[in-house]
Amino acid sequence: MDSVGSIILYTIVSLTIVIFSVLAVTTRKILRAATYLLFTLFATAVVYFMLDYQFLGAVQIAVYAGGILVLFVFAILLTSHPGHSSEPLTSKRRALGLIASVLMLGVTGYSLLARCNFFNAAPEAANPDMQQIGTAILSTGDNGYLLPFEAISVLLLACIIGGIVVARKR
Amino acid sequence: MELKAIYFLIPSLIMFCCGLFGFITRRNMIAMLISLELMLNAVDMNFVIFNRFLFPGQLEGMFFTLFAIAIAAAETALAIAIIINVFRASHNIDVRTLNEMKF
């Protein structure tokens with residue numbers, strides 16, 4: 001049995017996710033789309049906090065909301081005029097997108113609701129503390145993640161160099 | 001009322017479908033990238049939800065999401081570098097008009 005507060009929080013967060021993700025893809029001003037994406041990412045971070053993954057929620061806020069969104073805003077201001085609206089969608093393209101997404105929603109939603117048994121409540125679990133996460137990242141045995149950790153650090157280095165090489169002035 | 005797994009999976013499914021709709025309908029490269037981020041975010045959320053509700057003592061889903069967030073950051077940085085370069089070459093980031101490989 002969950003407390004009334006967590007149910008109210010869940011309602012707010014799920015409504016935020018639904019409303020702002022719909023708005024992010026339907027608004028015609030690109031800067032507004034980035035702002036609605038920011039709200040969606042914050043709501044996702046709140047979901048991580050509700051599910052007891054505090055570290056993941058902090059990473060979501062710091063990397064997604066703090067880093068990626070700033071990049072988006074920079075790129076938008078560099079490539080388009082702030083008040084400029086994109087032209088309205090053609091009806092053919094809108095119909096194509098609507099058919100694909102409604103089909104996806106219907107098939108997956110039906111199989112989630114009717115075929116799968118996901119109606120269990122959250123089992124009691126200790127929230128993973130920082131020591132446990134750090135040991136798992138840097139260990140090589142079972143449940144160790146040293147190899148992907150090192151691979152991702154090399155990937156980030158390659159990404160830094162690649163970004164500079166691609167975007168520099170010739 | 002208890003918060004069950006399905007209550008978290010449905011908003012994430014709606015987020016994914018919105019991303020799909022935006023990716024098909026939008027013609028601006030940055031708007032397409034925003035839709036892509038919505039889809040990636042929905043998938044990340046699903047990993048965490050399945051980890052928490054089906055395998056509560058383990059950390060696999062959490063680590064997968066952690067690495068997926070890092071890769072998403074790298075991908076966005078590179079994609080924006082490419083978009084800025086394309087804009088510098090053709091003064092336009094509408095995918096309908098970008099039909100030449102060399103400018």
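1. Domain bounds, as used here, come from an automatic or database domain assignment. In this predicted model, that assignment divides chain A into domain 1, covering 1-85, and domain 2, covering 128-170. The C-alpha centres of these two domains of chain A are 24 Å apart.

2. Within chain A, helix α2 (30-50) can be checked for its length: with 21 residues at 1.5 Å a residue, α2(A) should span 30 Å, and the 31 Å that separates its end C-alpha atoms agrees with this. Just after α2(A) comes A:Asp52, whose phi is positive, at about 70 degrees.

3. In chain B, the helices to look at together are α2 (residues 29-54) and α3 (residues 60-90), whose axes come within 9 Å and cross at roughly 175 degrees. Because angles over 145 degrees count as roughly antiparallel, α2(B) is described as roughly antiparallel to α3(B). From α2(B) the contact draws on B:Met29, B:Ile30, B:Leu33, B:Glu37, B:Leu40, B:Asp44, B:Phe47, B:Val48, B:Phe50 and B:Asn51, while α3(B) contributes residues including B:Glu60, B:Phe64, B:Ile69, B:Thr76 and B:Ile83. Sorted by class, the residues of this contact of α2(B) with α3(B) are 14 nonpolar, 4 polar and 3 charged.

4. Turning to the contact between the chains, 70 residues of chain A and 56 residues of chain B take part. On the side of chain A that touches chain B, the elements giving two or more residues are α1 (4-26), α2 (30-50), α3 (54-79), α4 (91-115) and α6 (146-167) of chain A. Of these, α3(A) gives the most, with 13 residues. The side of chain A that touches chain B has 50 nonpolar, 17 polar and 3 charged residues.

5. One helix pair that spans the two chains is α3(A) with α2(B), the axes of which come within 11 Å and cross at roughly 175 degrees; these two helices are therefore roughly antiparallel to each other. In this pair, A:Leu56, A:Ile68, A:Phe72, A:Ala75, A:Ile76 and A:Thr79 of α3(A) meet B:Ile30, B:Ile34, B:Glu37 and B:Val48 of α2(B). By class, this contact of α3(A) with α2(B) comprises 8 nonpolar, 1 polar and 1 charged residues.

6. A reader tracing α2(B) in the structure may note that B:Ile30, B:Glu37 and B:Val48 are among the residues that meet α3(A) of the other chain, and that B:Ile30, B:Glu37 and B:Val48 are also among those of α2(B) that make the contact with α3(B).

Technical notes:
Residues are numbered from 1 along each chain as its sequence is written. Chains are lettered from A and ligands numbered from 1 in the order in which they are written. This is a predicted model: local features need pLDDT of at least 70, side-chain atom pairs count only at pLDDT 80 or more; totals for chains, interfaces and linings use all residues. Axes are lines fitted to C-alpha atoms, for helices over the stretch in contact, and angles run from 0 to 180 degrees between N-to-C directions. Helices (H or I, at least four residues) and strands (E, at least two) are DSSP runs, numbered from the N terminus. Angles under 35 degrees count as roughly parallel, over 145 as roughly antiparallel, 65 to 115 as roughly perpendicular and the rest as oblique. Two residues are in contact if their C-beta atoms, placed from the backbone, lie within 7 Å. Ala, Val, Leu, Ile, Met, Phe, Trp, Tyr, Cys and Pro count as nonpolar, Asp, Glu, Lys and Arg as charged, and the others, Gly among them, as polar. The expected span of a helix is 1.5 Å times one less than its number of residues.
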